[in-house]
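Dear colleague,

I am passing on the structure we spoke about, together with some notes to read beside it. Please open it first and keep it in view while you go through what follows.

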Amino acid sequence: MTDRSTLIRRVLSVSSGLILLGIILYLRGGRAAEPIPTVREIAPGVFSRQLQYRSANQTFVVFDDYVVVFDPGEVVEVRGLMDAIRARTDRPVRYVVSSHFHPDHAAGASVFEMEGAGISAGAGGRFSYEGWARNLFLRRVEEEETGFSPLQYPRFTFIDQPLILDDGNQRMEIRHYGHGHTTGDLIAWLPKHGVLLVSDVSNNGPLNLANANIASWIDVLRQLLELPVQTVVPGHGERGGRELLEMNSRFLTEMLALVGDMVTRGMSYEDVLAEIEIPFHEQWTGVEVRANSTNVLMAFRAVGGRLDKEN
Ligand SMILES: [Zn+2]
């Protein structure tokens, strides 16, 4: 039997250990003290749901008679979005717009389809939606507990014309500006509020160039900067203003120029990957450019670089 003072000492030592653990966990949480996801009304009737960086941000816009969702999101995030909508309005979700085929933006759309919404996607991305993205969805729902069945891959309607929604109070212009992050990128502009839903054409953090046309992407950003943009909702990370478009453009421009110069000097892909540094990118995102070898390879190819085995 333990005597009383030993017991008290043990309780104290366990509780001080727990307090220390709590402090460490709190400090490791850093500036993420604000709970995520957050849902903010960033303009009248325009709600942005921000998630952890690995998940795409979701937006919904409340019109007089219906709701429009831009980027329904990943299968495990879409129900949270639906709850957020239902907490604010009982109007039906009529349109769901998928910015591009990457599953963190598009795969959950069928939840809204079952409620009668039409799912729109850019025609340029059709091949990827019906191939790579569908296959990944089927594999995931068979191997993981997503709550989805294989039959629930969304039925996208592919549009090759701008989709303009205007009821006199809200106006939403959904357009394809060119091949940026992917071939079929759709971007939504809300001119009454100066709000741009840009998806992964501008992230507030590391970019993914795996399906990009970098030179065309820079041109897309040039076009977007001609709009009187006040608020940018990025594909991932915190909202910002026009500077987000400028930072994404600066990174892509520096990347292309630097890798172009290296290739002109005859450097191989391996050497480019070993030497590339863009201090601006590291300051902005906290990540070294070379940490994403696919991005470096895409830039290498974009400036005409060829791998050794291709020469
Ligand atoms: Zn993406």
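Predicted model: local features only at pLDDT ≥ 70, side-chain atom pairs only at ≥ 80, totals over all residues.

Is E173 buried or exposed, or something in between? It counts as partly exposed, because 15 other C-beta atoms lie within 10 Å, while a residue is called buried at 20 or more and exposed at 12 or fewer. Leaving aside residues up to four places away in sequence, E173 touches P162, I164, A188, W189 and P191. From E173 to L196 there are 23 residues in sequence, and the C-alpha to C-alpha separation of the two in space is 9.7 Å.

The sheet comes next. Strand β9 is part of an open sheet of five strands, arranged in the order β8-β9-β10-β11-β12 and with mixed pairing. The edges are taken by β8 (163–166) and β12 (231–234), each of which has a single partner strand, so that one side of each is left without a neighbour in the sheet. On average, and with direction ignored, neighbouring strands of this sheet are turned by 15° against each other. As a general point, strands of a sheet pair through backbone hydrogen bonds, either parallel or antiparallel. Between β11 (residues 195–199) and β12 the pairing is in the parallel sense and extends over four bridges, and the bridge partner that L196 has in β12 is V232.

Two helices are also worth a look. In helix α2, which spans residues 78–86, the buried residues are V78, L81 and I85; these cover an arc of only 55° around the axis, and therefore lie on the same side of α2. They pack against the strands β2 (46–50), β3 (58–62), β4 (67–70) and β5 (93–98), and against the helix α4 (110–113), whereas the face of α2 turned away from this buried side carries the exposed residues D83 and R86.

In helix α10, which spans residues 293–302, N295, V296, A299, F300 and A302 are buried. Here the arc around the axis is only 165°, which puts these residues on the same side of α10. Among the elements that cover them are α6 (214–225), α7 (242–264) and α8 (269–275). After α10 comes G304, which has a positive phi, near 90°.

Technical notes
Residues numbered from 1 in each chain as written. Contact = placed C-beta atoms within 7 Å. Pairing = 2+ DSSP bridges. Axes fitted to C-alpha atoms, helices over the stretch in contact; angles between N-to-C directions. Arc of directions from axis to C-beta.
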